[in-house]
2 protein chains.
Amino acid sequence: MAATIYDVAKKAGVGIGTVSRAINNSPHINVGTKARILAIANELHYQPHALAQSLARKKTNTIASVVPFFTNYFYVELLKSVQRALSRSHYDLILFSVDRMNRRDRTIDRVLSERRCDGVLIISLGVMDGYAEKFIAAGLPVVLIDHMHQALDSVAIANREGAFAAASHLIGLGHRRIGMINGHLSSYPAKLRLEGFRLALEMHGLDFDDRDLVICDAKAGEHGFNEAAGYAAMQRLIAQSHPLPGALFVASDVQCLGVMRAAKEAGVRIPQDLALVGFDDIEFAKFVGLTTMRQPIAAMGRMAVTRLLKRIEGRENGDFHRELEAELIVRESCGSRQAFHVRTESDTVSQQV
Amino acid sequence: MAATIYDVAKKAGVGIGTVSRAINNSPHINVGTKARILAIANELHYQPHALAQSLARKKTNTIASVVPFFTNYFYVELLKSVQRALSRSHYDLILFSVDRMNRRDRTIDRVLSERRCDGVLIISLGVMDGYAEKFIAAGLPVVLIDHMHQALDSVAIANREGAFAAASHLIGLGHRRIGMINGHLSSYPAKLRLEGFRLALEMHGLDFDDRDLVICDAKAGEHGFNEAAGYAAMQRLIAQSHPLPGALFVASDVQCLGVMRAAKEAGVRIPQDLALVGFDDIEFAKFVGLTTMRQPIAAMGRMAVTRLLKRIEGRENGDFHRELEAELIVRESCGSRQAFHVRTESDTVSQQV
DNA sequence: ATGAAAGCGCTAACAG
DNA sequence: CTGTTAGCGCTTTCAT
């Protein structure tokens, strides 16, 4: 069995209180005895038992994260930055993943009741009103990532603005018939991105052809932010919209990949026939030359952790709702200026048809 | 403050022992009082304190995972399956990520000493001999994933066999000059994949041109299993090897993506000029039509968890070293049979040059 | 500065 | 079947 504080105390001929002081370098201890105790502790390979410490201190030094496990690039990158930010502190990360949406509440309940953690990071998940209050009542700090709630801290992407920028880019390139492929509207970011998209069109006096040019559905229960959904959506768009829009804003890069696959199969060339802007800037966006809105994922994670730790440590209160801006990364999927001029003409032609 | 077992006991007019029995549905309790206690517990929103339970039971119901955070698709997929397997049990997952390799030992030390967990999953990380013994001495079950150690349980891919199969596929297609781009040889899988590759060539009487056709380096300290490394390696291969090999086995799909990018830039067509086989079958392999060795990642995770839980629960001992086979997924990056015949000819020509 | 003792919230052995 | 008590390993008063 591993050595306990009693073993150290006995061998050092002191009380356990003194050992505790030595370990936690309390100022109320003689430097000599402290050194001696530490030496003995070392010799015995003594390591404080984390759980016992937590129980006595009423402080677990772990933070919990609730993540939907869509194996999406976004979540990995986010977790990575969370982990990195945490590794500088003395907190461990415990992972609760929600595979099926209906388990969300049960998972959150568990986090709430087990009291295994000092704070919670909830990623991309909506929080029912009742729960927000539970967290507050339990005095358990929470910060939402990629989502919003009045009563809870949050850091998210400025989705509306990002979508607006994406659409504006397309408009600036001269496009007039612009479509959008989105995730399911039950997703909060999906909703906002649609709003931003619509806003951009309307502000430029373009008509927002909701019925034919905007595809928001995905299989029920899924967000539709994946390759297959993008593929299916693009197929539908090709089938239902004549002529095809000259440009497309796709709510996520992974969907974009599916869109590209469907386009290729249908002989739709990118960017010649169709300009494409994605959202996220996943690793492979660069590889396929996709123009996209880059999310500052790492910054989000870092910020969320920083805020959570501050809340846990009692400094800092008040509302906290950060929105980080997405950045337009121009690559080849919208064509070059030249290509654009050429295409404008053919666009005009196709509109005349 | 949340209700404790004492609150419930007092309100129910019983001792805390009885409450404990009710909660943990012990058989030694009157069904009537049990129901009454449970009702009261419910009413008080009583939830046992996980840490206190752990301390008293000497059982934490959490398992720790040590993961290198390369944000590699492999790790996400693996964690996902681990998480899924765990969600059926009563174990939580605590995540220790090792960002810099030199922190590996410190992290493992921590897992070992904190005694926060009942078992450990170590992913893709080598374990120094000293540590294996420490784990055993501490009675802390471990299973290694994607790695091997004599004294520890492990589940891994049959890397050697997989590489062998990949190379054999290329050979079967008629290629005679075959190159390989690998990760850094400090990586265990990289080493095995090279062995398998070499074995296949030698078994078919081809010469294994180590010096010019095999590129194993990456930046020091990194495994080199990423897009940039693949890109760089391919550039080097193009520069140093005349003529270019007709086929290439690349040790991972992400590297393959980099290889493809470099090839494209250099005007090397795939599969016409160069046949390509990857390893992993990441999500985007399908998208780019990459022929590759599919790793049964989910099965690995599941298996590792199953084994770990068995070990924790004391049943099952003895050695456990599973190797799962990778499966060849044929797509377009090696060309079709027809294309192959054509290319054989040009290969012959280029060899005559 | 240090030792003793009282928790932290729960489980489990021991009497009844 | 149930109450009492002694831990689990550590922190933290409270005296001294």
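**Confidence**

The model is predicted. Chain A has a mean pLDDT of 90, and 92% of its residues reach 70 or more.

How do the two chains relate?

**Contact between the chains**

In the contact, 32 residues of chain B meet 32 residues of chain A. On the side of chain B that touches chain A, two or more residues come from each of α4, α5 (73–87), β2 (92–98), α6 (104–114), α12 (253–266) and α13 (283–287) of chain B. The helix α5(B) gives the most to this side, with six residues. By class, the residues on this side of chain B are 12 nonpolar, nine polar and 11 charged.

Strand pairing also crosses between the chains. Strand β2 of chain A (residues 92–98) and β2(B) run antiparallel and are joined by three bridges. In one of these pairings, A:L95 has B:L93 as its bridge partner in β2(B).

**Surface near the DNA**

Which residues are closest to DNA strand C? Of the 25 residues that surround DNA strand C, the closest are A:G15, A:G17, A:T18, B:I5 and B:A56. Both chains contribute helices here: α2 (16–23) and α4 (50–57) of chain A, and α2 (16–23) and α4 (50–57) of chain B, each supply at least two residues of the surface near DNA strand C. The most comes from α4(B), with five residues. This surface near DNA strand C has 12 nonpolar, 12 polar and one charged residues.

**A sheet in chain B**

Six strands of chain B form an open sheet with mixed pairing, in the order β7-β6-β8-β9-β10-β12. Its edge strands are β7 (214–215) and β12 (327–329) of chain B, each of which pairs on one side only. Within the sheet, β6 (residues 178–181) and β8 (residues 247–250) of chain B run parallel and are joined by four bridges. B:M180 stands opposite B:F249 in β8(B). The helix α12(B) lies across β6, β8, β9 (275–280) and β10 (291–294) of chain B, and runs at about 150 degrees to β9(B).

**Backbone features**

Most residues other than glycine have a negative phi, and most peptide bonds are trans.

| Residues joined | Peptide bond | Omega |
|---|---|---|
| A:I270 and A:P271 | cis | about 10 degrees |
| B:I270 and B:P271 | cis | near 10 degrees |

A:P271 lies in the loop between α12 (253–266) and β9 (275–280) of chain A. B:P271 is in the loop between α12 and β9 of chain B. A:D280 is not a glycine, yet has a positive phi of about 130 degrees. A:D280 belongs to strand β9 of chain A.

Notes. Residues are numbered from 1 along each chain as its sequence is written. Chains are lettered from A and ligands numbered from 1 in the order in which they are written. This is a predicted model: local features need pLDDT of at least 70, side-chain atom pairs count only at pLDDT 80 or more; totals for chains, interfaces and linings use all residues. pLDDT is the predictor's confidence in each residue, from 0 to 100. A residue is near a molecule or strand if its C-beta atom, placed from the backbone, lies within 6 Å of it. Ala, Val, Leu, Ile, Met, Phe, Trp, Tyr, Cys and Pro count as nonpolar, Asp, Glu, Lys and Arg as charged, and the others, Gly among them, as polar. Two residues are in contact if their C-beta atoms, placed from the backbone, lie within 7 Å. Two strands pair if DSSP finds at least two bridges between them. Axes are lines fitted to C-alpha atoms, for helices over the stretch in contact, and angles run from 0 to 180 degrees between N-to-C directions.
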